[in-house]
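Hi everyone, thanks for coming.

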Amino acid sequence: MSNSRHHRLFFQGRYFSHRPSMDSLIKDFRTAFAEMKGDKLAETLRPDVRTNPTKFLALWDRGSLRDVTSDLNFLFYSDPSRPRMSGEETTGWFEIYLAYWKAVGEILAVEGLRNDEKSSKPSWTKVYEAWKDLTLQVIRGYTHYEFENWTIPCLYVAGKYLRLFAIRADEERRSGNDDANVTVMQDDFDPEAEEHKMLEDCTRHLNRIFQTCLNDRAPLEESRKWGIYYAINLLFKSYFRLNSATLSKNVLRAIQAGRGDMPTLDKFPKSQQVTFKYYEGVLSFLEENYVDAEQHLTMAWRMCHKDAKHNLELILTYLIPCHLLTTHTLPSSQLLEPFPRLQKLFLPLGEAIKKADLHAFDVALRDGEDEFIRRRIYLTLERGRDIALRNLLRKVFISGGFEEAKDGAAPVRRTRIPVAEFAAAIKISGGEDIDTDEVECLLANMIYKNLMKGYIAHERGVVVLSKNGAFPGTKV
């Protein structure tokens, strides 16, 4: 037997490459391929180096591109036990696993698990670029190499890790630890554009995955459209991280236009349904379409797994302000009990609204300002002050008592309230002086928003309230 490193071993009717770990990887591929199990196939491409470093170090071996190319050539083209597939499909998977091997080498290097000479100056940027090559090969598998739709989970795994590696590369650049990030003098340098350079590049490739699924014209049972919500959710996550949420509207318009020949959302895994409905709800929220936002977010809340505390917290972050504006209801302490962060943010606001304490509301809004702005809910919660003011004006109305009953009729609440009484209440509750004109402006605004029914008799300095439902929705 030749001592050549590239010589194949033959033992008991089976062929082996010189690299047992590559044999094992391709064996897993063949098993998944024979069973047509997409999730199982995608698992062979997961780069979870930290969970099993020994396995990936063995796969990388001494990092010889010549050796691994020879191995893959044998396993995909020469091995008698190779799976039956077309020449184009074989080429596609060969290129994918070669790109995967290269990416694994970069990941091992940046994680400090390699000690060979080629591992100098590792970076997450190099990882991202290597994984991008893999992702492009996977996309090419569907556009050029006849990959079937049951293999679509491979697209999702490629896109998922492309996004994660892009984020790591951008973080590395911001921290100044990327050796590839050489300082160059240039007049048109835009630090904001550089901050998310890799993630912005990533979104272009995620959009290619989306288009690859969306534009498939095969019959539905054979269509790549079964991967479309995987791609959409990855795009949503990326756009929101880039503060480019409006770009998500283009995605929604695209699926609205092609919805007639797409699988309905309820046919997809529940995790994908929850993620999509969450982002759809937040997009409606940001457009101040609170009724639709409440509908989408409520669906996400009901479908979300009870143990997914982080996801439930994210949904409630937007659902609570929606409820406040659409139904004027506040979250109970029981609802917020599993979410300490939300308790800290919303309970002080809720207590201030219930007590009609304008000063306490302003303090609570100021204390949570940074987090409210970060979550894009500050302006919506600021409108909650109208509910606190409504409750305060309602207290003034109730404290006014009843008018004298006539001829044995049932007593009727006093409906003519001096503006001065409202002004005194607002001054005490808000803790600041306020003039009559400003009070009348606030009252007019409350009437306009249908939080109070009546009119202002300016000349007499009186507010005339409706005898029936002066404060809609409060049974007063």
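Let's start in helix 5, residues 87-110, which holds both Tyr-97 and Tyr-100. The two tyrosines sit 3 residues apart, about one turn of the helix. Do keep in mind that this is a predicted model.

Are these two tyrosines buried or exposed? Tyr-97 is buried, and Tyr-100 is buried as well.

Now, how many aromatic pairs does a search of the whole structure find? The search turns up 30. Tyr-97 and Tyr-100 make one of these aromatic pairs, with 6.4 Å from centre to centre and 80 degrees between the planes, an edge-to-face arrangement.

Here's another pair for you: Phe-236 and Phe-276. Their ring centres are 6.0 Å apart and their planes meet at 20 degrees, so this pair is stacked; the cut-off for stacking is planes under 30 degrees apart.

Last stop, the surface. Which residues form a negative patch there? They are Glu-432, Asp-435, Asp-437 and Glu-438. Glu-432 lies in the loop that runs between helix 21 (419-430) and helix 22 (436-448). Why does Glu-432 count as exposed? Because its relative accessibility is 59%, and exposed means over 50%.

Definitions and conventions. Residues are numbered from 1 along each chain as its sequence is written. This is a predicted model: local features need pLDDT of at least 70, side-chain atom pairs count only at pLDDT 80 or more; totals for chains, interfaces and linings use all residues. Side-chain values use heavy atoms; hydrogens and water are left out. Patches are made of residues with over 30% relative accessible area and no salt bridge: like charges are joined within 9 Å, nonpolar side chains (Val, Leu, Ile, Met, Phe, Trp, Tyr) within 5 Å. Accessible areas come from the Shrake-Rupley method with a 1.4 Å probe; for residues, only the protein chains shown count as cover. A salt bridge is a side-chain nitrogen of Lys or Arg within 4 Å of a carboxyl oxygen of Asp or Glu. Lys and Arg count as positive and Asp and Glu as negative; His and the chain ends are not counted. The place of a charge is taken as NZ of Lys, CZ of Arg, CG of Asp or CD of Glu. Helices (H or I, at least four residues) and strands (E, at least two) are DSSP runs, numbered from the N terminus. Buried means under 20% relative accessible area, exposed over 50%, partly exposed in between (1.4 Å probe, protein chains only). Rings of Phe, Tyr and Trp (its six-membered ring) pair if their centres lie within 6.5 Å; planes under 30 degrees apart count as stacked, over 60 as edge-to-face and the rest as tilted.
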